[in-house]
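Visitor: I would like to learn how to read the features of a protein model, one at a time. Could you take me through this one, giving the general idea before each case?

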Amino acid sequence: MIQPVTPDYAALEGAPVSTTPFAHVIVPHFIGRADLHALGASLPVIRSGGSFPPQALGLSPLMARLVTELEGPRLRGLIGRKFGLELDTAPTMLTLRGRTRARDGRIHRDSDSKRVTVLLYLNAATEGDAWSRHEGCLRLLRGPDDLEDFEAEVPPVNGTLLVFPNGPDTWHGHRQYVGPRYTIQLNYMTNDARARNELRRHRLSALTKRLPWVA
């Protein structure tokens, strides 16, 4: 029997909301070390950049259970209470990324159809790795013009969780990094036509993304 991954919901509940440069919560080790090690051994091989819906990947049972857990009511409720948002009826969109390209990480803010962005990093940290050189570490920026003008930097390692409601000033990006970088992105969406269109594109991509890009 597969032992499911148990996120550290208590750590999320107790984590303070930082307000600069915009409202966000960072939870180190939201996925504990033992669970992260088990997940690392069962991550799908993703040979190209871009985001992949879970349906387009041959997820292991362990990863599939984690995806189901993240889309469940417990995380939704905690995030809603943390930021004072009503998310009970918000549609969800979840994707996985496994590889970062040279063009990734440019300064941007997420689309208006995404009410909340949730990022979960599944990479292990090792001494002297790219993360310790600040490559591929997500920066929460004070504005849209300068990647070095950041308030917080989040290395994409050790089961760290980052959550922020989307808004007009939620600029973020990272220094160039090329290579493996596993991230689960979960979004709570709006209920308008823009979100419905994005969700339709998401479902279509699940049908069209095939080997050899994933294995």
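Visitor: Does His 29 count as buried, partly exposed or exposed, and at what relative accessibility?

Guide: Before the case, a word on the source: this is a predicted model, in which local features need pLDDT of at least 70 and side-chain atom pairs count only at pLDDT 80 or more, while totals for chains, interfaces and linings use all residues. Residues are numbered from 1 along each chain as its sequence is written, and side-chain values use heavy atoms, with hydrogens and water left out. The general idea is that buried means under 20% relative accessible area, exposed means over 50%, and partly exposed lies in between, with a 1.4 Å probe and protein chains only. His 29, at 28% relative accessibility, therefore counts as partly exposed. The residue sits in the loop between S1 and helix H2 (33-40), and its phi is near 55°, a positive value in a residue other than glycine.

Visitor: Which secondary-structure elements does the protein have, and in what order do they run?

Guide: Helices (H or I, at least four residues) and strands (E, at least two) are DSSP runs, numbered from the N terminus. Here there are 5 helices and 8 strands, and from the N terminus on they follow the pattern α-β-α-α-α-β-β-β-β-β-β-β-α.

Visitor: What is the order of the strands in the open sheet?

Guide: Strands of a sheet pair through backbone hydrogen bonds, either parallel or antiparallel. Two strands are taken as paired if DSSP finds at least two bridges between them. In this model an open sheet of 5 strands has the order S1-S6-S3-S8-S2, with antiparallel pairing. Strand S1 (25-27) and S2 are the edge strands, each pairing on one side only, and the twist averages 15° from one strand to the next.

Visitor: How many bridges join S8 to strand S2, and how many join S8 to strand S3?

Guide: Strand S2 (residues 92-100) is joined to S8 by 8 bridges, and strand S3 (residues 114-121) is joined to S8 by 7 bridges.

Visitor: Which helix lies across S1, S2, S3, S6 and S8, and at what angle to S8?

Guide: Axes are lines fitted to C-alpha atoms, for helices over the stretch in contact, and angles run from 0 to 180 degrees between N-to-C directions; contact means heavy atoms within 4.5 Å. Helix H4 (residues 73-83) lies across those strands, running at about 75° to S8. Helix H3 (residues 61-70) also packs on the sheet, touching S2, S3 and S8, and its direction makes about 30° with that of S8. H4 is mostly covered, with 8 of its 11 residues buried, among them Leu 75, Leu 78 and Phe 83.

Visitor: Which residues touch the most other members of the largest nonpolar core?

Guide: A nonpolar core is a set of buried Ala, Val, Leu, Ile, Met, Phe, Trp, Tyr and Cys residues joined through side-chain atoms within 4.5 Å. Phe 30 and Ile 79 touch the most other members of the largest such core, which has 37 residues, and H3 gives the most to this core, with 5 residues. Leaving aside neighbours within four places in sequence, the contacts of Phe 30 include Leu 12, Leu 70, Leu 75 and Leu 120. A second, separate core of 9 residues includes Tyr 121, Leu 138, Val 154 and Leu 162.

Visitor: Where is the peptide bond that is cis?

Guide: The bond from Thr 20 to Pro 21 is cis, with omega near 0°, and Pro 21 lies in the loop between helix H1 (9-14) and S1.
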